[in-house]
Amino acid sequence: MIEFEKFELDNGLKVIVHQDKTTPIVAINIVYNVGARNESANKTGFAHLFEHLMFGGSINIPNYDAPLQMVGGENNAFTNNDITNYYITLPKENIETGFWLESDRMLSLAFSEKSLEVQRNVVIEEFKQRYLNQPYGDVYLLLRPLAYKKHPYQWATIGKEISHIENATMQDVKDFFYAHYAPNNAVLSVVGNITAKEIKPLVEKYFGDIEKRKIAESNIAKEPKQTEPRELTVKRDVPNDTIYKAYHMCARMDKDYHASDLLSDVLSNGDSSRLTRKLIKEQKLFLELNAYIMGSRDEGLFIISGKPNDGVNIKDAEKAIDKEINLLIKEGVDEQELQKVKNKVESSLIFAQMNILNKAMNLGISETLNDANDINTEIDKYLKVKTKDIVRVAKQILNPNNCSTLYYLSEKK
């Protein structure tokens with residue numbers, strides 16, 4: 001049980017404080033309720049660009065990293081389709097430096113042409129290196145628009161295409177910042193050997209004067225139900241053929257989310273899981289095979305991906321996957337099989353709660369999506385899943401008419 005206190009400033013900033021007496025380090029985490037899903041279709045990649053720009057200097061602090069390094073702190077950030085997350089860890093006695101840095105860039109970035117040009121080039125280079133020039137790098141640039149036709153999950157966090165970042169103007173950047181990066185669109189979580197009584201005056205001091213902003217309305221289109229199979233075949237300079245089968249599944253806060261997650265574990269988590277045991281070890285059809293969920297805020301994707309062994313036709317490999325899915329739906333899952341994956345999930349969640357940064361992140365993300373207390377009910381939700389729930393969600397999700405398949409073939413074969 002993670003005990004915490006929660007309060008809100010007049011400007012709408014939500015604050016969560018959890019005391020952990022075991023460490024001299026404090027974690028400061030800010031979740032901004034903006035991700036790639038909040039972008040417009042002709043200006044994508046902005047949330048990710050801002051992850052970089054937020055380190056390029058704020059209105060009163062030209063160099064973000066230098067002051068933090070001087071007080072023994074570390075920082076980083078990540079962006080996905082749903083949120084943008086910034087975090088700092090530093091010694092407790094230097095906590096004000098963290099608040100000073102984070103509040104100044106929430107107040108306003110420096111918005112210099114030089115910073116925009118530098119970070120634009122960094123992002124363009126990342127797009128080329130990680131997505132265009134790396135083996136299998138463009139998989140999600142292909143798979144997302146195959147699976148999604150209306151919802152903004154149809155593009156990856158990096159964006160649809162390089163030109164959207166190349167053509168971003170200073171006014172575009174300012175508009176995006178003031179529409180999303182605001183106290184009333186953020187959750188600040190602080191974890192360490194501190195109390196809410198200590199933290200509240202500091203948060204008021206550093207964040208209290210930042211004005212509320214008008215947050216852009218996110219008119220996010222609901223993805224229509226997929227009613228027939230979709231497929232795409234591409235050839236690339238890669239060592240192995242690979243198949244990606246993407247099925248639509250429920251949203252993160254849906255009652256069936258935890259059963260869907262456990263279904264993916266039953267299929268491929270560990271050496272004794274269904275697909276690993278049958279198709280890799282026994283039948284030797286695949287080099288590797290994985291089932292996983294995207295964990296998306298809105299209706300997401302349940303993905304099965306695998307690299308067939310040399311000499312195995314990709315269509316034959318796919319039929320073997322389908323056969324195992326049909327067997328699971330027909331014969332069900334036994335209690336021992338389900339309990340094994342529940343135990344793994346439970347231990348990983350408990351282990352994650354031992355780290356102060358993980359706790360700060362999870363509290364902030366849980367509050368952004370729904371309620372910070374979800375962090376304390378998550379394990380129970382997994383443990384309450386029954387074998388019949390696994391079969392039921394398997395029938396719903398793993399339906400051929402609900403599947404978008406990418407055949408990613410090697411030019412070398």
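Predicted model: local features only at pLDDT ≥ 70, side-chain atom pairs only at ≥ 80, totals over all residues.
Helix α13 covers residues 356-369, a run of 14 residues. From its first C-alpha to its last the helix reaches 20 Å, which is close to the 20 Å expected at 1.5 Å a residue. At the start of α13, the backbone nitrogen of L357 has a side-chain oxygen of N355 within 2.8 Å. Of the 14 residues of α13, 11 are buried, so the helix is largely enclosed by the rest of the structure. The buried set includes the hydrophobic side chains of I356, L357, M361, L363 and I365. Also buried are K359, A360, G364, S366, E367 and T368.

In total, 24 salt bridges were counted in the model.

The side chains of R37 and D82 form a salt bridge with an N to O distance of 3.7 Å. This pair links distant parts of the chain, the two residues being 45 residues apart. R37 is in the loop between β3 (25-32) and α1 (46-53), and D82 is in the loop between β4 (74-79) and β5 (84-91). Residues under 20% relative accessible area are classed as buried. With a relative accessible area of 12%, R37 is therefore buried, and D82, at 8%, is buried as well.

A salt bridge also joins E318 and K245, whose closest N and O atoms are 2.8 Å apart. Here too the pair links distant parts of the chain, with E318 in helix α11 (residues 314-331) and K245 in strand β8 (residues 242-248), 73 residues apart. E318 counts as buried at 9% relative accessibility, and K245 counts as buried at 4%.

How values were computed: Residues numbered from 1 in each chain as written. Heavy atoms only, no water. Helix = DSSP H or I, 4+ residues; strand = E, 2+ residues; numbered from the N terminus. Expected span 1.5 Å × (residues − 1). Buried < 20%, exposed > 50% of the residue type's maximum accessible area, 1.4 Å probe, protein only. Polar contact = N/O pair within 3.5 Å; in protein donor to acceptor, adjacent residues only side chain to side chain. Salt bridge = Lys/Arg side-chain N within 4 Å of Asp/Glu carboxyl O.
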